[in-house]
Amino acid sequence: MRRRTVRRPVRLLITVVLALLASGCGGHTAKPAATPSPSPSTSTSTSTSTPSPTTPAATTSASRPLTDEERAWLRSITKLHQNIDKVFLQEGSVTVTPSTLRSWETVMRSCSKELTRLGSPSERLRPVLVLVQKACKQFDKGAACFAEAARDLNSASKTVEQKLTCGSNAEGDGSNLLGEAEAKGKEIDLAAG
């Protein structure tokens, strides 16, 4: 049986870092620009101390804190990301065998399975869901590439290298998208209070 050794560097999730830095300021609102007071010569008979009629702010889902269910859903996405990355973010070289590739395929397919198990979140977490769905599509693509590579690993075919690259790239893209999903979830949580 022919074995291949692949060196996988530890990937930095720059997207996550940038998103977390940006979301750190997400809970603050800018102060409105000062508007000049009307001068006495331009004032009208209407008193400036009378408050203008306002409608009470409606309580929307965006203005109330996340529910326990919403936070649990977001934690599940974080755990999914950690479980997938744990397999792929290893230092050193890995001997690639058909068994290794099937294991990677299984881990990558776990994204779609877990998302199906979790179900759809609340409406305000939809932006997170969209990113997770995109990530799972990338993982499914990578899983298919690893499955094909496992089937052809013992051949001297150049397509094996292409399939390994395809799987690795899809795993990286999926992981980055899950990182973006986590950052979006934190942003929504901070905005909700």
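Visitor: Glu-171, buried or exposed?
Guide: Glu-171 is buried, its relative accessible area being 3%, where buried means under 20%, exposed over 50% and partly exposed in between, with a 1.4 Å probe and protein chains only. This is a predicted model, in which local features need pLDDT of at least 70 and side-chain atom pairs pLDDT 80 or more, while totals for chains, interfaces and linings use all residues. Residues are numbered from 1 along each chain as its sequence is written, and side-chain values use heavy atoms, without hydrogens or water.

Visitor: How many residues does helix 5 have?
Guide: Helix 5, residues 158-192, has 35 residues. Just after helix 5 comes Gly-193, with a positive phi of about 95°.

Visitor: New topic: which side chain does Thr-97 make a polar contact with?
Guide: The side chain of Thr-97 contacts that of Thr-100 at 2.9 Å, a polar contact being an N or O pair within 3.5 Å, one able to donate a hydrogen and the other to accept it, with sequence neighbours counted only if both atoms are side-chain atoms. Thr-97 sits in the loop between strand 2 (93-96) and helix 3 (98-118), and Thr-97 is buried, at 10% relative accessible area.

Note on methods: Helix = DSSP H or I, 4+ residues; strand = E, 2+ residues; numbered from the N terminus. Expected span 1.5 Å × (residues − 1).
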